Amino acid sequence: MIVTCEHGGNRIPAPYRPLFGDAQAVLATHRGYDAGALALARALAAALSATLVASTISRLLVDLNRSVGNRGLYSDYTRTLPRGEHARILAAHYLPYRREVERRVTRAIAAGRRVVHVSSHSFTPVLDGRRRNADIGLLYDPARPGERALCARWSRSLAPRVQPLRVRRNYPYEGKNDGLTSHLRRRFTATQYVGVEIEINQKHVHRNRFPAVLERAAIGSLREAIADSSVSARALAARHQ
């Protein structure tokens with residue numbers, strides 16, 4: 001099991017701080033980072049004995065959850081930098097992170113393991129004037145049976161634990177959209193790699209973390225969903241022996 005957090009902080013490395021001289025207020029918003037996501041990632045990894053890979057570089061410098069070539073890779077603060085500067089940002093901050101995650105997935109698969117990757121995120125309650133109609137989202141690719149099954153189990157286990165909060169699948173984004181999990185799906189088969197994202201509404205964040213009861217619910221329900229998946233896989237294998 002691997003847990004990642006691509007938008008864990010709003011830190012700007014020293015060489016690029018002059019670009020953000022008037023952006024302190026923006027850096028503190030959802031545009032700068034995913035509030036609460038890093039604390040959740042750390043809690044998930046610790047409780048489930050999972051590998052953790054996380055970044056505190058602001059997405060306004062470079063978005064680690066976007067592919068090279070995606071317009072969203074750079075923000076308004078960095079998009080117009082010279083091509084050479086973009087290359088330096090990629091080399092220093094983007095590629096090391098993406099390669100570390102990929103290296104860990106590759107190593108686990110080479111050892112004969114199936115990887116479950118959970119990417120921790122949070123979302124702003126209101127975007128472009130529209131209020132998001134969910135508290136927790138579980139994102140996956142519906143074409144990948146393992147991801148679809150895991151998120152169905154996770155949702156069923158999580159919803160009763162957080163009532164009256166609303167849990168939705170593939171909301172507020174589509175799980176198959178461009179992102180780190182989508183990149184890894186192209187590298188690894190559905191039997192090797194299961195990648196999902198958890199998105200929690202930032203209206204629940206207090207002092208840059210979610211309430212302990214919410215973290216415990218996410219952890220307990222994921223543990224139960226993975227255990228159920230393992231039992232189902234063993235039963236299926238037994239039927240085919």
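Author: A salt bridge is a side-chain nitrogen of Lys or Arg lying within 4 Å of a carboxyl oxygen of Asp or Glu. The model examined here is predicted, and it holds 11 salt bridges.

One of them joins Glu-102 to Arg-187, with the closest N and O atoms 1.8 Å apart. This pair links distant parts of the chain, for Glu-102 belongs to helix α3 whereas Arg-187 belongs to helix α5 (residues 180-187), and 85 residues separate the two. Their surroundings may be described in turn. Glu-102 counts as buried because its relative accessibility is 16%, and the cut-off for buried is under 20%. Arg-187 has a relative accessible area of 45% and is therefore partly exposed, a class that lies between the limits for buried and exposed.

Helix α3 contains another such pair. Glu-85 forms a salt bridge with Arg-88, and here the closest N and O atoms are 3.2 Å apart. Both residues lie in helix α3, 3 residues apart, or about one turn of the helix. Elsewhere, Glu-100, Arg-103 and Arg-104 are linked in a network of salt bridges.

A further salt bridge connects Glu-147 with Arg-144, the closest N and O atoms being 3.7 Å apart. Glu-147 is buried, since its relative accessible area is 0%. Arg-144 also counts as buried, because its relative accessibility is 10%.

The helices must now be placed against the sheet. The sheet is open and has 6 strands, in the order β2-β1-β3-β8-β6-β7, with mixed pairing. The edges are formed by β2 (51-54) and β7 (167-169); each has a single partner strand, so one side of each is left without a neighbour in the sheet. From one strand to the next, the twist averages 20°.

Helix α4 (residues 145-162) lies across β3, β6, β7 and β8, and runs at about 30° to β8.

The loop between β3 (115-123) and β4 (126-127) carries Thr-124. Thr-124 is buried because its relative accessible area is 12%. Leaving aside residues up to four places away in sequence, Thr-124 touches His-30, Arg-132, Asn-201 and Gln-202.

The cysteines complete the account. A search of the whole structure finds 0 disulfides. Cys-5 takes part in none, and the nearest cysteine sulfur, that of Cys-151, is 17 Å away. For Cys-151, the closest cysteine sulfur is the one in Cys-5, and the 17 Å between them is too far for a bond, since a disulfide requires sulfur atoms within 2.5 Å. Cys-5 counts as buried because its relative accessibility is 0%, and Cys-151 is likewise buried, with a relative accessible area of 0%.

Definitions and conventions: Residues are numbered from 1 along each chain as its sequence is written. This is a predicted model: local features need pLDDT of at least 70, side-chain atom pairs count only at pLDDT 80 or more; totals for chains, interfaces and linings use all residues. Side-chain values use heavy atoms; hydrogens and water are left out. Helices (H or I, at least four residues) and strands (E, at least two) are DSSP runs, numbered from the N terminus. Buried means under 20% relative accessible area, exposed over 50%, partly exposed in between (1.4 Å probe, protein chains only). Contact means heavy atoms within 4.5 Å. Two strands pair if DSSP finds at least two bridges between them. Axes are lines fitted to C-alpha atoms, for helices over the stretch in contact, and angles run from 0 to 180 degrees between N-to-C directions.
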